[in-house]
Amino acid sequence: MTKAADLRNKDVAGLESEVKDLQRAHFGLRMQKATQQLTNTGSLRVTRRDIARAKTILAQKRAQSAK
């Protein structure tokens, strides 16, 4: 689980790469679930929330830099 404080320390480019990495991980977990190889289905929820957390902080940083 990614902490919000860790994400706030990153710059915009770092957050964008973090979102891409999390989305790749989430895709892999979805494929594992579809092929019934995923045993811990709770990890889907965790990665989905991590993506949302990173996107929220990224939007806040973009809005802040636009001011």
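Where is the place of Gln36 in this protein? Gln36 sits in the loop between helix H2 (12-34) and helix H3 (42-66). Let us look around the rest of the structure before coming back to this residue.

This is a predicted model, in which local features need pLDDT of at least 70 and side-chain atom pairs count only at pLDDT 80 or more, while totals for chains, interfaces and linings use all residues. Residues are numbered from 1 along each chain as its sequence is written, and side-chain values use heavy atoms, with hydrogens and water left out.

**The overall picture**

The protein has three helices and zero strands, and its elements run α-α-α from the N terminus on. Here helices (H or I, at least four residues) and strands (E, at least two) are DSSP runs, numbered from the N terminus. The C-alpha trace spans about 45 × 15 × 15 Å along its principal axes. The radius of gyration of the protein is 14 Å, whereas a compact globule of 67 residues would have one near 11 Å. That radius is taken over C-alpha atoms, and the globule rule is 2.2 Å times the number of residues to the power 0.38.

Among contacts with a separation of 6 or more, 69% are between residues 24 or more positions apart; contact means heavy atoms within 4.5 Å. Of the 67 residues, 27% are buried.

Buried means under 20% relative accessible area, exposed over 50%, and partly exposed in between (1.4 Å probe, protein chains only).

| Residue | Relative accessible area | Class |
|---|---|---|
| Gln36 | 75% | exposed |
| Thr47 | 12% | buried |
| Glu18 | 16% | buried |

Gln36 has a positive phi of about 60 degrees although it is not a glycine.

Now find Thr47 in helix H3. Leaving aside residues up to four places away in sequence, Thr47 touches His26 and Leu29. A polar atom of the Thr47 side chain also lies 3.0 Å from the backbone oxygen of Leu44.

Glu18 belongs to helix H2. With residues up to four places away in sequence again not counted, Glu18 touches Thr2, Leu7 and Lys10. The side chains of Glu18 and Lys10 are joined by a polar contact of 2.8 Å. A polar contact is a pair of N or O atoms within 3.5 Å; within protein, one must be able to donate a hydrogen and the other to accept it, and residues adjacent in sequence count only if both atoms are side-chain atoms.
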